[in-house]
Amino acid sequence: MWDWFYRILFLMFVGFCFRVAAQVSRKSLVDVLITAFTVFAGSIIVSGFLLSFLHKTDDVRFWAGLVFVPPFIFYLLFTRIFIKEYEDFSVISLIGSSLQNLWIWYKDLSLYLKIIFGLLSFSLLFVSIISLALVLFTVPNEWDSMTGHLVRVMYFMQRGTMAPFYGTNWNIDTYPRSVCNIQIYSYLITGKVENAFKLINYLSYWVAVLGAYGIAKSISRNLTAGLFCGLVMGLLPNVLLQSTTTDTDIVLMGYVSCLVYFLFSYHETKRRRYLYLAGLTFGIALGHKITLVLQFPSLFMVAVYVFVAGVPNVKASLFKLKHLVTSALVGILLFTLPTGYLSNLKRYNHPIGPPTAIRHQSVERAGGIFSANLYEQGTRNLLRYSFDFMNLDGLTNIPAIEKGPNRWFKAPFIWLEEKVHARLVEETDFTIRPFEYNRPYIFTNGLPYWGALGFLLIWPLVFLVLFGVIRSKPHWFLAIATLLHAAALSYSAPYDPFKGRYFISTAIYAVPFLTLLFTKRQSLLATNSGLLKAYTLVLVLLACPSAILAVLWNERCLPVAHHGKPSAFQAGRIERMSYAREDLQPAYENFEKLVPENATIALADINDDYEYPLFGKNLTRKLIPINPFEQGLQPIPKEADYLFFAASVIKPQPGDIRLGTDTTAATRAKMLVPAEDYWLRKLK
């Protein structure tokens, strides 16, 4: 009974966010949706920080009521400050009129554009429905979530607070905590539905789609161009696959999409409220993940266009910056400072974390920011990622495509690279894993890039604008922003074949270049652009099946059986969670059989071990890490019923139960990180 009561309160909270958004938005459905998302996320984050301080992180009763307070305060402040900008409309009537206008727009399209938009729309509808089913009915199983992201969420609820503590994996202690608030709220308010942890990722996916539409329409003042950009954003393979995960990158993309949208909306309307919304969103994004810093140069270029290059009165425009700065400071105070950077500074003398982790994943690995080696190796990384983009992502799941077209595209560039001796393969000191011209299947399948539309259309348009072949002031600034973000990812950390998910944020700046297909003399709207129309149609015919197959054959979360692997809807819980770590599956299945659901377990494992599955199918076990990262082995607590340990941490003794880890050489050779030899000791 109480579960349904809290779910009703959740729906009421969502409705309240929409009501508040309608009071501060212009008469635009996209504007309302993006503003409502910002209010929704910000309200939960602030509430979560307060409940953590009160040691009520795990109490759904406090969550259920407190989340209504921040949007109410937001409503009072914004309606008082911006009363002259208020527009009176109903969200329900706005939805109806928007759908009607969309149908009228589609009927007026040429046959060619009806085919283009029909293919894109059907593909987006198809993959989004499948993705929603995967969110609702399959368990989380991403590597980082099994070792850190979701583990810390469970520990926070166990302890009733998000105060710092030492866990086995370093990111349990050090990653920003704002997204944990949203995941905990989603889990508790839905009646402890585990898959609700994915809610914020799926919402962020749609916010990115809406943001791409809104940004493009604001720049081009063209509905057709805006819709094309929104549809393409939703079909980029790496964006699609992140929508069903519990990784944090697509959430950052959602926040930055809102931020850039608000900036361009201010440029279009000159309404101050968008500057305040942008500033608050900046605080939310910075509190979510420190990698927003890598987008500072790109966001600066957007701001230069909005406040300087794209305005008639620069002095008056710069004066308005005070509103953005003021709201950004408030956003940092509310959303960034409580998220964990300060505690990291106190404990590790660095806002990110301990020196070991910093050396592993930052410029320190190449010698520091002033090292000549960093710029040499970073340039290599930029070239490596360029090769990674040259893939028919999604279609690479078909062996014939991988062995044929994918290699043909790269052949001339590989020949050139060998001639200039760039040593992209040979140099490995600034790589997480060695670079390969043809990415291994595990990466192309689960961590793709932008596919055909990316390297055959979006990137060419970026460079055509950059070199002045196509002239457009806003796009020139976006071209610089796009390249700055790609460069930041290349120079700031070692090359990582897993980084396809990081480049989803680059798409925020790059996808709006597709508006040029509708706004220039030679455009898809013109009657004399046969070659461009044919080229675009071919790419759309490649992009649509690429998106569909990327989802259907994504082995991390298969909706249908494929290559001898069962559907994610049918596979067992441990089987799904041990994807990419098959050698630990038998040990974890035996653990599940031997240990009661409400037991307390001391964990003496290592940094790379999966801990989340050990909480059990109902997440009712209590886990206590006793080998925290770089802290050394701690005493076994008296309250523990069992000890789960790796033989490399604690030596087994008579009576201990070996859990059956597959440690044979053949199996270990297939694993990116081989599992430990796991044991169980009954303590009581």
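These legends walk through several close-up views of a predicted model.

Residues are numbered from 1 along each chain as its sequence is written. Because the model is predicted, local features need pLDDT of at least 70 and side-chain atom pairs count only at pLDDT 80 or more, while totals for chains, interfaces and linings use all residues; side-chain values use heavy atoms, with hydrogens and water left out.

**View 1. A nonpolar patch sits on the surface.**
Patch members have over 30% relative accessible area and no salt bridge; like charges are joined within 9 Å, and nonpolar side chains (Val, Leu, Ile, Met, Phe, Trp, Tyr) within 5 Å. A salt bridge, for the record, is a side-chain nitrogen of Lys or Arg within 4 Å of a carboxyl oxygen of Asp or Glu. Areas come from the Shrake-Rupley method with a 1.4 Å probe, and for residues only the protein chains shown count as cover. Helix H17 (321-336) and helix H18 (341-348) are the elements that each give two or more residues to the patch, and H17 has the largest share, with 3 residues. Helices (H or I, at least four residues) and strands (E, at least two) are DSSP runs, numbered from the N terminus. Leu345 belongs to H18. Leu345 counts as partly exposed because its relative accessibility is 39%, and that class lies between buried (under 20% relative accessible area) and exposed (over 50%), using a 1.4 Å probe and protein chains only.

**View 2. Five strands make an open, mixed sheet.**
Follow the strands across and you get the order S2-S1-S3-S5-S4. Strand S2 (622-625) and strand S4 (657-658) are at the edges with a single partner strand each, so one side of each has no neighbour in the sheet. Two strands pair if DSSP finds at least two bridges between them. S4 and strand S5 (residues 678-682) are antiparallel partners, joined over 2 bridges, and Ile657 stands opposite Leu680 in S5.

**View 3. Strand S1 (600-604) is covered on both faces.**
How many residues of S1 are buried? The count is 5 of its 5 residues. Thr600, Ala602 and Ala604 are on one side, with Ile601 and Leu603 on the other. S1 pairs with S2 in the parallel sense over 4 bridges, and Ala602 stands opposite Ile624 in S2. S1 also runs parallel to S3, joined by 4 bridges; the bridge partner of Ile601 in S3 is Tyr642.

**View 4. Helix H30 (residues 585-594) lies across part of the sheet.**
The strands under this helix are S1, strand S3 (642-646), S4 and S5, and H30 runs at about 15° to S5. Axes are lines fitted to C-alpha atoms, for helices over the stretch in contact, and angles run from 0 to 180 degrees between N-to-C directions. Contact here means heavy atoms within 4.5 Å.

**View 5. Lys270 and Glu630 are two loop residues.**
Lys270 has a positive phi of about 60° without being a glycine. Lys270 sits in the loop between helix H13 (249-269) and helix H14 (273-288), and is partly exposed at 41% relative accessible area. Glu630 likewise has a positive phi of about 60° and is not a glycine. Glu630 is found in the loop between S2 and S3, partly exposed with a relative accessible area of 48%.
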